[in-house]
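Here is a friendly tour of one protein chain, from its overall dimensions to the residues packed inside. Have the model open and follow along.

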Amino acid sequence: MNEPELNPASPGDTGFGQSGLAAQAVDAIENLSGVHPGYRRAHAKGVCCRAIFRPSGLASPFTTAPHLQEQEVPAVVRFSGSSTNPVLADVLSPAKGMAVQFSLPGGGVTNLTGATFPVFFARTPESFLGILRAAHKAQEGRLGPLELIKEITTHFSESRESLFAIKALKPPASYAESRYYCIHAYYFADPEGALWPVKFEWLPDAGVRTLSVPAAAQQPENYLAEELELRFKDAPAVFQLAAIFGGEGDPTDDPTRAWPEDRRRIDLGRLYITGIIEEPAGLVMDPTAIPAGMALTDDPILNFRHDAYNDSYRRRSEGR
Ligand code: HEM
């Protein structure tokens with residue numbers, strides 16, 4: 001594999017007022033979906049679990065990240081439905097999330113957030129805002145359904161693959177039987193300092209299983225948390241963390257585009273999730289919190305999420 005070219009742009013700085021734009025993005029979510037005081041402005045309904053990550057040791061030639069070496073580390077996992085509504089029935093938000101916060105051996109934490117769709121619908125924070133504002137206009141009747149489709153396909157054609165993938169999602173049988181894509185590219189920094197573009201996926205040992213329409217219709221509102229609770233009485237829920245290495249020409253700055261299927265994969269280790277816990281105070285799954293041995297790419301959405309998540313945290317921790 002070739003050593004990737006380093007992008008000279010400093011991560012987190014995309015050249016515009018990130019904080020102002022983040023507040024606008026969170027406002028746009030609220031305008032579209034309402035405000036649920038004290039809750040996350042996205043993925044409001046969720047369940048936290050305790051877990052242990054056991055690294056395979058295979059990552060060592062590519063990264064010095066401390067949680068991916070030899071030593072097992074504790075982690076907190078939060079599974080969630082993607083809706084902003086904290087009491088929506090599980091079947092009504094087919095897109096699910098899995099956010100993992102690893103405790104690092106030397107102190108501190110790092111986060112990895114995944115979702116059950118492989119690509120995101122917006123390439124930049126500005127297009128995220130544009131899409132949400134168009135959806136809001138349609139909700140208020142200022143744009144018809146066909147005009148909305150035209151607006152999105154004309155101005156935001158990059159969102160097509162993601163919107164199709166989200167539309168095709170079926171309700172999962174279990175949070176533990178879903179595959180989660182971490183979507184953004186990151187860099188691994190190896191012991192010599194060379195950077196390797198990588199994406200991550202969580203693959204369930206139990207396989208992927210979804211519900212038929214009649215089965216979904218019979219599920220209680222909170223079937224996913226209830227199913228986890230029962231599952232943990234017998235055994236942990238186990239996921240493999242896979243790293244996928246970017247090849248020549250694979251974009252590192254575009255979360256709307258998947259990399260080709262044939263890219264090299266390695267098994268980074270397994271996450272053993274053993275029980276449900278209360279949500280730890282101050283939990284923010286900021287995907288830009290990374291340890292030494294990793295670097296952020298110039299993906300504008302990845303970098304933008306830092307301010308958006310902190311803005312949402314500020315609002316919900318103030319009871320707004
Ligand atoms: C413009 C891009 C995005 C915006 C503005 C955004 C916004 C948000 C906000 C405001 C929250 C709540 C944060 C909190 O209060 O702690 C959140 C949570 C979440 N988002 Fe995003 N998001 C974006 C992209 C993504 C992408 C690409 C993924 C998929 C990997 C994703 C997956 C999640 C998950 C899994 C959670 C729940 C985290 C938890 O359980 O604490 N988001 N998002």
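The radius of gyration used here is taken over C-alpha atoms, and the globule rule is 2.2 Å times the number of residues to the power 0.38. For 320 residues, that rule puts a compact globule near 20 Å; the protein chain has 19 Å, so the two agree. Please keep in mind that this is a predicted model.

Along the principal axes, the C-alpha atoms fill a box of roughly 55 × 50 × 40 Å. Seven helices and ten strands make up the list of secondary structure elements in the protein chain. Among contacts with a separation of 6 or more, 77% join residues 24 or more positions apart.

What share of the 320 residues is buried? Buried residues make up 50% of them. In soluble globular proteins, nonpolar side chains tend to be buried together.

| Core | Size | Some members |
|---|---|---|
| Largest nonpolar core | 46 residues | including F79, M98, F188 and W202 |
| Another core, apart from it | 25 residues | including A28, F121, I131 and F304 |

In the largest core, F200, L271 and I273 are also among the residues that touch the most other members. Strand β8 (residues 237-245) gives this core its largest share, five residues. Leaving out residues up to four places away in sequence, I273 touches several partners, including C49, V77, F79, M98, F232 and F239.

Terms used
Residues are numbered from 1 along each chain as its sequence is written. This is a predicted model: local features need pLDDT of at least 70, side-chain atom pairs count only at pLDDT 80 or more; totals for chains, interfaces and linings use all residues. Side-chain values use heavy atoms; hydrogens and water are left out. Helices (H or I, at least four residues) and strands (E, at least two) are DSSP runs, numbered from the N terminus. Buried means under 20% relative accessible area, exposed over 50%, partly exposed in between (1.4 Å probe, protein chains only). Contact means heavy atoms within 4.5 Å. A nonpolar core is a set of buried Ala, Val, Leu, Ile, Met, Phe, Trp, Tyr and Cys residues joined through side-chain atoms within 4.5 Å.
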